[in-house]
Amino acid sequence: APQDALGMGVVPRPAGLVPQAKVTVAPKPRELAPPPVSLGLTASALLSMPPVQQKNALGERLFAIINDGYPELAAKITGMLLEMDNMEILNLLNSPEMLNGKVGEALEVLKRHPDELDGEVE
């Protein structure tokens, strides 16, 4: 049987069926992919780091998630979220729903204050 790129069997299409063109519309706001268990960062691991390293670790993880949905704004949104308390940020990393909400809030602020973008987006 034919194999696809992942090595999985490909189901042959019955004769006479023509594939339909898929029309996709990007949802607003975009859903960010759930993090893989806060990307290995626990409260105890975070508390064992110096404060500057805590913010760096949180920022790296936030950026990786936000960059998937908003590559053009990931740095700006990450910077905005890093103004929060470290434990609140850790909670966001563990809750895709909460993170999506905060990212949505950041996007609204950026829409209301386009001068904050410093020409990063059209």
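1. The side chain of asparagine 86 makes a polar contact with the side chain of glutamine 54, at 2.6 Å. A polar contact here is a pair of N or O atoms within 3.5 Å; within protein, one must be able to donate a hydrogen and the other to accept it, and residues adjacent in sequence count only if both atoms are side-chain atoms. Asparagine 86 belongs to helix H4 and counts as buried because its relative accessibility is 12%. Buried means under 20% relative accessible area, exposed over 50%, and partly exposed in between (1.4 Å probe, protein chains only). Leaving out residues up to four places away in sequence, asparagine 86 touches Leu46, Gln54, Lys55 and Leu58, a contact being heavy atoms within 4.5 Å.

2. On the basis of the values: this is a predicted model, in which local features need pLDDT of at least 70 and side-chain atom pairs count only at pLDDT 80 or more, while totals for chains, interfaces and linings use all residues. Residues are numbered from 1 along each chain as its sequence is written, and side-chain values use heavy atoms, with hydrogens and water left out.

3. Overall make-up. The protein chain has 5 helices and 0 strands, in the order α-α-α-α-α along the sequence. Helices (H or I, at least four residues) and strands (E, at least two) are DSSP runs, numbered from the N terminus. Of the 122 residues, 30% count as buried. The chain exposes about 8400 Å², and carbon and sulfur atoms supply 60% of that area; accessible areas come from the Shrake-Rupley method with a 1.4 Å probe, and for residues only the protein chains shown count as cover. Among contacts with a separation of 6 or more, 60% are between residues 24 or more positions apart.

4. Helix H4. The buried residues of H4 are Asn86, Ile89, Leu90, Leu92 and Leu93. They cover an arc of only 155° around the axis, so they sit on the same side of H4; the arc is that of the directions from the helix axis to the C-beta atoms. These buried residues pack against helix H1 (43–47), H2, H3 and H5. At the start of H4, a side-chain oxygen of aspartate 85 comes to within 3.0 Å of the backbone nitrogen of methionine 87.

5. Helix H5. Which residues of H5 are buried? They are Leu99, Asn100, Val103, Gly104, Ala106, Leu107 and Leu110. Seen down the axis of H5, these fall within an arc of 165°, and therefore line one face of the helix. The face turned away from that buried side carries the exposed residues Glu97 and Arg112. The buried residues of H5 pack against H2, H3 and H4. As a length check, the 17 residues of H5 should span 24 Å at 1.5 Å a residue, and the end C-alpha atoms are 24 Å apart, which agrees. The expected span is 1.5 Å times one less than the number of residues.

6. Leucine 107. This residue lies in helix H5 and is buried, with a relative accessible area of 12%. Apart from neighbours within four places in sequence, leucine 107 is in contact with Tyr70, Leu73 and Ile77. Tyrosine 70 is 37 residues from leucine 107 in sequence, and their C-alpha atoms are 9.9 Å apart.

7. Helix H3. In H3 (residues 74–81), Ala74, Lys76, Ile77, Thr78 and Leu81 are buried. Their cover includes helix H2 (51–69), helix H4 (86–94) and helix H5 (96–112). Alanine 75, also in H3, counts as exposed because its relative accessibility is 53%. Alanine 75 and leucine 62 are 13 residues apart in sequence and 9.4 Å apart in space, C-alpha to C-alpha.

8. Nonpolar core. The largest nonpolar core has 23 residues, and Ile66, Ile77, Leu81 and Val103 have the most contacts inside it. H2, H3, H4 and H5 each supply at least two residues of this core. A nonpolar core is a set of buried Ala, Val, Leu, Ile, Met, Phe, Trp, Tyr and Cys residues joined through side-chain atoms within 4.5 Å. In soluble globular proteins, nonpolar side chains tend to be buried together.
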